[in-house]
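This report walks through one protein model.

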Amino acid sequence: MMGISIILFYRTCMKDHKLGNIKIQKGTILTYPTMFLHKNEKFFSNPDKFDITRFEKEKAKLIPKRAFAPFGLGQRMCAGIELGYIMVKSAILGMLSQFEVEADPSFEPKWDGKFTVEMPSVVLRLKPRIDYPIAFLRINN
């Protein structure tokens, strides 16, 4: 719920600059307050509630580009984003090694063709693999 980016992401102003009525002198240390943006009700309704649907395609268009930046922005963004991608891929790989994935027989795809061809949802079933040693994954303290 609370990030540490407020401490980590700072920059030093390289030349005198004016931002609206605010004068920023060369050498001033600046930070990008991601935590305050992520908690801002101007950008996110009920910001303290975990709601993954706020990032669905249509709703995500309403969020300003720089209002959500958990890994920072630009060329100096946190390298941890790559670690996050690797962890998600590893979790999916781990799940797929234990389960077979098949389409739900009752699922009827409905294609949405506007400018691109999209399928809004897919219903899948997970079937445990019999040959996978599930006991191997048990962690003992």
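pLDDT is the predictor's confidence in each residue, on a scale from 0 to 100. The model is predicted: local features need pLDDT of at least 70, side-chain atom pairs count only at pLDDT 80 or more, and totals for chains, interfaces and linings use all residues. Residues are numbered from 1 along each chain as its sequence is written, and side-chain values use heavy atoms, with hydrogens and water left out.

**Confidence**

The mean pLDDT of the protein is 77. A value of 70 or more is reached by 76% of the residues. Over residues 135-141, pLDDT stays under 50. A contact means heavy atoms within 4.5 Å. For residues 135-141 the model has two contacts beyond four places in sequence. Where pLDDT is low, the predicted coordinates should not be read in detail.

**Overall make-up**

The protein has four helices and eight strands. Along the sequence they follow the pattern α-β-β-β-β-α-α-α-β-β-β-β. Take the contacts with a separation of 6 or more: residues 24 or more positions apart account for 39% of them.

Accessible areas come from the Shrake-Rupley method with a 1.4 Å probe; for residues, only the protein chains shown count as cover. The protein exposes about 12,500 Å². Carbon and sulfur atoms supply 62% of that area. Buried means under 20% relative accessible area, exposed means over 50%, and partly exposed lies in between. Of the 141 residues, 13% count as buried.

**Aromatic rings**

Rings of Phe, Tyr and Trp (its six-membered ring) pair if their centres lie within 6.5 Å; planes under 30 degrees apart count as stacked, over 60 as edge-to-face and the rest as tilted. The structure holds two aromatic pairs. Phe-44 and Phe-68 have ring centres 6.3 Å apart and planes at 75°, so this pair is edge-to-face. The pair links distant parts of the chain, 24 residues apart. Phe-44 sits in the loop between helix 2 (34-38) and helix 3 (57-60), Phe-68 in the loop between helix 3 and helix 4. Phe-44 counts as buried because its relative accessibility is 3%. Phe-68, at 35%, counts as partly exposed.

In the pair of Phe-55 and Phe-68, the ring centres are 4.8 Å apart and the planes are at 45°, so the pair is tilted. This pair also links distant parts of the chain: Phe-55 is in the loop between helix 2 and helix 3, 13 residues from Phe-68. Phe-55 is partly exposed, with a relative accessible area of 35%. Phe-44, Phe-55 and Phe-68 form one aromatic cluster.

**Salt bridges**

A salt bridge is a side-chain nitrogen of Lys or Arg within 4 Å of a carboxyl oxygen of Asp or Glu. How many salt bridges does this rule give? The count comes to two.

| Salt bridge | Closest N and O atoms |
|---|---|
| Asp-48 with Lys-39 | 3.0 Å apart |
| Lys-61 with Glu-58 | 3.5 Å apart |

Asp-48 is exposed, with a relative accessible area of 52%. Lys-61 and Glu-58 are both exposed.

**Nonpolar patch**

Patches are made of residues with over 30% relative accessible area and no salt bridge; like charges are joined within 9 Å, nonpolar side chains (Val, Leu, Ile, Met, Phe, Trp, Tyr) within 5 Å. Val-88, Ile-92, Met-95, Leu-96, Val-101, Leu-124 and Leu-126 form a nonpolar patch on the surface. Together they have about 580 Å² of accessible area.

Which element gives the most to this patch? Helix 4 does, with four residues. Helix 4 (80-98) and strand 8 (124-128) each supply at least two patch residues. Val-101 has its place in strand 5 (residues 99-103). Val-101 is partly exposed, with a relative accessible area of 39%.

Met-95 lies in helix 4. Its relative accessibility is 34%, so Met-95 counts as partly exposed.

Methods: Buried < 20%, exposed > 50% of the residue type's maximum accessible area, 1.4 Å probe, protein only.
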